[in-house]
Amino acid sequence: MGGLQKKKYERGSATNYITRNKARKKLQLSLPDFRRLCILKGIYPHEPKHKKKVNKGSTAPRTFYLLKDIRFLLHEPIVGRFRDYKVFVRKLKRAYGKTEWSAVERLKENKPTYKLDHIIKERYPSFIDALRDIDDSLCMCFLFSTFARTGKCHVQTIQLCRRLTVEWMNYVVAARALRKVFISIKGIYYQAEVMGQLTTWLVPYQFAHDHPTDVDYRVMATFTELYTTLLGFINFRLYHSLNLLYPPKLDSKAESELKEENEEDYAMNSECYLEKLSALSASLARVVSTAEEEEAELDQFPVEGEEMENLEAKEKEQKQQEAQKKLFEGLKFFVNREVPRESLAFVIRCFGGEVSWDKSVCIGSTYEVAEETITHQIVDRPNVDKQYINRYYIQPQWVYDCINAKILLPVEDYFLGVTLPPHLSPFVEEKEGDYVPPEKVKILALQRGEKPAHEQEDEEEDEDDEEEEEDEDEEEEGDIDDGDDDLEAEEKKLKKMEEQRAQGKSLQVKVTPGKMKVENPVRLEEEEKAEEKRLAIMMMKKKEKYLYDKIMFGKKRKIREANKLTAKRKAHDDSEKAKKKTRK
Amino acid sequence: MEGRSSNMRSHDQKEETKKEGMKKVQEKTKKRSKEEDEEEEEEIFNLKDKPALGGEDEDLSDSDDSVFSGLEDSGSDSDDEDEEDDDEEEEDDDKLIPDPEQTEQIEFNPDAVLQTPEEKKKKKKKKKEGGVTEGEKKEDEYQHDSSDEEDIRNTVGNIPMEWYKDFPHIGYDLDGKKILKPIRNKDELDEFLDKMENPDYWRTVHDKQTGSDIILSDEQVALVNRLQKGQFGDVNFNEYQPTVEFFSNDVMIHPVTNRPADKRSFIPSLIEKEKVSKLVHAIKMGWIKPRRVQDDTRGNFYDLWASEDTSILARHRMHLPAPKIPLPGHHESYNPPPEYLFTEEELALWEQQDPSDRKWPFVPKRFSSLRQVPAFPRFLHERFERCLDLYLCPRQRKMRVNVNPEDLIPKLPKPKDLQPFPTTQSLVYRGHSGLVRSISVSPSGQWLASGSDDASVRFWEVCSSRCLKTVQVGGAVKSIAWNPNPSVCLLAVAVDSMVLILSPSLADKQVVSSSERLLSGPQEAGSTEEAGTVTWSDTEGEELNQGIRLKIQHPKAVHQVAWHAKGDYLASVMPDHSSHLQVFIHQLSKRRSQNPFRKNKGLVQCVSFHPLRPYFFVATQRSVRIYNLVKQEMTKKLQANSKWISSMAVHPGGDHVICGSYDCRLSWFDLDLSTKPYKMLRHHKKAVRGVAYHRSYPLFASASDDGSVIVCHGTVYNDLLQNPLIVPVKVLRGHVITHDLGVLDVTFHPTQPWVFSSGADATIRLFT
């Protein structure tokens, strides 16, 4: 009996969390400093399970941090640097107020700075951790490197970002790590596989930014501070993993080639080297100058059954990847001046192609337009005055589509002035039941390299598209005549599936009285099953029923969306056809 | 003469002061302080003079000089003249600048500079000696100064010349003689002729002060030209002379000034010492940090992960890596397939929606070529939002359970294995004109009786759906029940406040006669305490012909009748909130009625007898009470967990009860298990109106306002440990919903797995 009365909120979850303001007071930091610290240390708020308990009975909206996190921040040396900076600002103000210019100068020289190396090491204990989290830093650095060098942020930051991004791109070129590219309306997405980690980054188009007022650049700058440090260390490590020199140096051979031109035309001496690097036209110098090291061959281990299949699949994939890496090998590109040079040079070099541009566009061009051996010229204008006979004039989308398809696509669709086929996202992987655009189906067929299959699919896909592939269809019909009943049955099944997809629209299903008898048992069985299911659903528990309904709703919505897209596509194709007819 | 000379002197001094600048001013102040010491009276004059001199600050010292130069007697006259002359001279200066003499003056300047020290000394002397030596010195001074004299021929000064219009002279020369006006009778014509004829006319200048014409020499013309062009007057003057620096980096042999070095330059400075000691102290105390070595640590990278240790990993166990940005789909392409572009409706919808509700934060767009793609206007915003998400959003690991929906469906025995049960609608009994509230099947299973709102009771043959007999009862039939005893053929019908006992005579003669016998048994009417409320009466005439044998008059409207299994007892229900007279139990053989309850326990919905034992079930609004009729006590109270019970049925075994309720539920009670329902079935979409058990098959059915009858399989095991198995086996539809009412009553065939249902659409249907 008796004992001390238990007080509320002195144990349990209430003691595990701390509000933001209390945390700030505990650290003795101002709110901006606290924010900066959280950004640098990667501390984020937590949502407690029982908010009211943690909030001591109140339901006011508050942000909570884990008390452990805040204790962890307490020992951070950077907090001391923040305080130093505060003192520095106070002293500086005082000196200004007293017009003691010498003191101002002295203080400015001793402006406190800090390094983030230890934080990087702490946040990413292993290199792979860092690589996993590099997406955001790449995006941010690429964005900052496009900023104008006035206002908004320090010029040094912009220069550093530019340098780091150029280094990164050079690494990707050297490692041939690029996998996918996607031109979106936001910018260009790149996906590279670096040491087994898929890394995606977005590069904005090269335009001046219309700086919005509702964006806090201080926050962005703090992130950039962290990201530049991270990216620098990662670059260092990556370069060394490939035996490349860091900071990057151009290959001596390439350098001598580039030297011939008069560099002063392009940039000042101090910037010249970076410019040459960013031209991406020359390979980098290696520490040990050897030829390409051979890939370590996988040893064969005796395996059985499923594993064997897995292994085979893996091997096949690897082969495909190897082939993709050499996609543009032996091709010589020339980039016209209206085409985004950096992106194309980067992409083409990543897949082993050679690329050059007009001398006046950028430093580092290796050959002229008149070069005889050029195989492809990338042009983005309606027509070109002087055309050479022995090369293709193609639009830039061809390059990107080839990379995504992992094969060289036929160039006919990408000639000058031709309406381009749609550019599809390589990041979408359609599952069963999802909508697949017909263009994707075509590309898949091309990848498999099977022409007839492609036709068949087309046949199944849209019977209405007969006009486009009339001759193909004729062959197809012959095939069907020869085919036996099994094929027909398959066809029927497919049709049925198609029907289901097309909102159960009856596509000229004729049921003869004789057949009805045959179909009846099947249908009856189906109905029976359906009813069985319905009755079983009736017996579900409330909780499960709710979950089930939710899942089914989601599924139905997916189907509805797919159907909608199909219908839209069909309407579009029909209208296009009608237009064609009227033109004829 | 004297005045003039002093005047000249003062002018000269002025020039000097200008040249000498600050030094002179300082000296003047010194002078003044000396003067103040010496001559106090003269200060008074000084004060007087100041206002007269007006704004000429520069001349202040000069006039002072003149004042103190011993010319006090000449007084104010000289002062006036001074002023005049000054003005005049200024004008002259203006005029004279072009003259070659000016250049001489410039050349002269070094002399003047050289003179200054002497002059200063002289002046100092002057101050001390007073005005005694003044006169002679003046003469000396102006011997060299020839510049002014030559030009001043007319001494009238700077006055408008028309003042001399009426005089023959135009002014006075230096000697005070009148200067006569030249005889001038040139009129316009002469002027013109002169202009045309005189070749020197263009270089002739009229001098207003002397009234004479001067012909300029060639040099003078050239000078004027040069000045007009903004060039220097002197041809020989080189304006781009190399500067000779006075102070240069060359070490000279001689010092620039001959001044001996100050003493303080040999003694260490105390102030500096103090400053240095302060700085030293501050450095010692760590207040001032020595200049840091500039190092560009920003761009210095090294192998940070050279020694990877996993010990730090433990620190971040709670850390969740930020989720990656979802990858873009086809709709984000600069050239998407046409189906991904918005139609006009979709675009309108997109614009109407709140930004947080939109499926995509942008409108898909199509550009025919890459060069036409503009910058994305919200790029910075999106990046910034990502930043905010990274440091402001709480992170949570949501375990997404990937449930296969098929797994959620319970595994039930297949309905096929649970046959027989009614599956199809086979017969429809039509004939009633109002909604059919109640149906009942005869114990033999050959006949079906139905009571309807059209005030009639119909008898149907089950197999042929023929209506054999129609009895008009004069009121809407609420309930109808066939006597379960197969040896009699009687029917109880609840109409308004009466319960009618019908003998339809649809059986063997033997059965009919036995039922007649039952009805005509001994009469003990009035023997019970309820004699006043319930009256038994025989029917006569027309009614008797129709088969109505007995009328039991109740005080209120009767809603339900129910037979005991033996067929002798009959219960009737009169729902009423306020009284305890809600249920009556009638004994047919003795024509006796009694009210079993003394208290009102709630609105009674329906009642039922236990098929085997002397129990009586009373369903009130929320619960079912079970009374032991022998012991005359309540044995159980079942909580139905529903809002309003509509109907009830007792399993032929007697251990299970099902209740239908108006809130769409069907509850199954296992009496041995608990007073709570063993199972709640929510199969119907609308209120459940009727429930029924099959007598021999493990089936039960429920009828609802949604127009369906659901047949369920409900096996009851003899083993007490095994719970009943309930499986819905069939949903039967057929009734048409009229006035929001669907199926009103349901009942099973006594021997076959058939179910009858009566509906608001005035039909009765048989499902087999």
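A residue counts as buried when its relative accessible area is under 20%, as exposed when that is over 50%, and as partly exposed in between, with a 1.4 Å probe and protein chains only. By that cut-off, 43% of the 584 residues of chain A are buried.

Before going on, the ground rules. This is a predicted model, where local features need pLDDT of at least 70 and side-chain atom pairs count only at pLDDT 80 or more, while totals for chains, interfaces and linings use all residues. Residues are numbered from 1 along each chain as its sequence is written, chains are lettered from A and ligands numbered from 1 in the order in which they are written, and side-chain values use heavy atoms, with hydrogens and water left out.

Staying with chain A, the secondary structure comes to 22 helices and nine strands; these are DSSP runs, helices being H or I of at least four residues and strands E of at least two, numbered from the N terminus. Contact here means heavy atoms within 4.5 Å. Among contacts in chain A between residues at least 6 apart in sequence, 61% join residues at least 24 apart. The chain exposes about 34700 Å², and carbon and sulfur atoms supply 51% of that; the areas come from the Shrake-Rupley method with a 1.4 Å probe.

Now chain B, and a sheet. Four strands of chain B form an open sheet in the order E5-E33-E32-E31, with antiparallel pairing; two strands pair if DSSP finds at least two bridges between them. Why does one side of E5 and of E31 lack a neighbour in the sheet? Strands E5 (425–430) and E31 (743–748) of chain B stand at the edges and each has a single partner strand, so one side is left open in each case. Inside the order, E32 (residues 755–759) and E33 (residues 763–767) of chain B pair in the antiparallel sense over four bridges. B:Phe756 has B:Leu766 in E33(B) as its bridge partner.

Next, one residue in another strand. B:Ser479 lies in strand E10 (residues 477–482) of chain B, and at 6% relative accessibility B:Ser479 counts as buried. Beyond neighbours within four places in sequence, B:Ser479 has contacts that include B:Ser438, B:Ala492 and B:His559. The C-alpha atoms of B:Ser479 and B:Ser452, 27 residues apart along the chain, are separated by 8.8 Å.

Last, a helix. B:Phe192 is in helix H9 (residues 188–197) of chain B and, at 47% relative accessibility, counts as partly exposed.
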